[in-house]
Amino acid sequence: MQIMDVARFQSAYPAWLDAARPLLEAKDWGAAFKAGYPFPTNEESPWAPLAKPLAQCRVAILTTAGLYVAGEQPPFRAADIEGDWTLRELRDDQPLDKLAIAHDHYDHARALEDLACVYPHARLQELAAQGLIGGLAPTHFSISGYCTRPDQVVEHALPQVVQRLKIERTDVLLHVPV
């Protein structure tokens, strides 16, 4: 199954970037993306029904909040006009007060007030304690929600996520878009 037509995107992207660069540098993202951005289209949706009850499933989180472990991981390149397609792994036992946000495209006020709105780790722990989910995976994931290069996400970041999910026998990936 093909998530996106990478070759089509990669052939159209350079012309869009050249044309949109002044708008991106001026932080006029709406106009930049209306200026012919080659939005990927998904002809197929990957769907895999659960093979067992949710109460027996190991769950991981994928947030697009741009979270990283301060002092241990590099922050996302939030100010880059193309965004950042790289991935940060977050240990399940990671103290939440060590997480920082590197994402310039949303107001952090609510996330700083209650991290659960972008990274519902504590809520999932509660669900596991109640027996509603089987437990949490050892590793969770963060990417920056602003990235003009979905081809790089598909070719580099997502395979890392899939590999880790398989190694850790994770059944469910909860995507938290920001």
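**Aromatic pairs and nonpolar cores**

The structure holds ten aromatic pairs. Rings of Phe, Tyr and Trp (its six-membered ring) pair if their centres lie within 6.5 Å; planes under 30 degrees apart are stacked, over 60 edge-to-face, and the rest tilted. This is a predicted model, in which local features need pLDDT of at least 70 and side-chain atom pairs count only at pLDDT 80 or more, while totals for chains, interfaces and linings use all residues. Residues are numbered from 1 along each chain as its sequence is written, and side-chain values use heavy atoms, with hydrogens and water left out.

Start with Y13 and W16. Their rings form a tilted pair, 5.6 Å centre to centre with 45° between the planes. Both residues lie in helix α1 (residues 6-25), three residues apart, about one turn of the helix. Helices (H or I, at least four residues) and strands (E, at least two) are DSSP runs, numbered from the N terminus. Y13 is buried at 4% relative accessible area, and W16 is buried at 3%. Buried means under 20% relative accessible area, exposed over 50%, and partly exposed in between (1.4 Å probe, protein chains only).

Now take F33 and Y146. Their ring centres are 6.3 Å apart and their planes stand at 90°, so this pair is edge-to-face. F33 belongs to helix α2 (residues 29-34), while Y146 sits in the loop between β6 (139-142) and α5 (150-167), so the pair ties together parts that are 113 residues apart in sequence. F33 counts as buried at 19% relative accessibility. Y146 is buried too, at 8%.

The charged end of R149 sits over the ring of Y13, 4.5 Å from its centre. R88 lies over the face of F76, at 4.1 Å from the ring centre. The criterion is NZ of Lys or CZ of Arg within 6 Å of the ring centre and within 35 degrees of the ring normal.

Next, the nonpolar cores. A core is a set of buried Ala, Val, Leu, Ile, Met, Phe, Trp, Tyr and Cys residues joined through side-chain atoms within 4.5 Å. The largest has 17 residues, and L67, L99, V118 and Y119 have the most contacts inside it. Strands β1 (58-63), β2 (67-69) and β4 (99-101) each supply at least two of its residues. Apart from this core lies another, of 13 residues, among them M4, F9, Y13 and L17.
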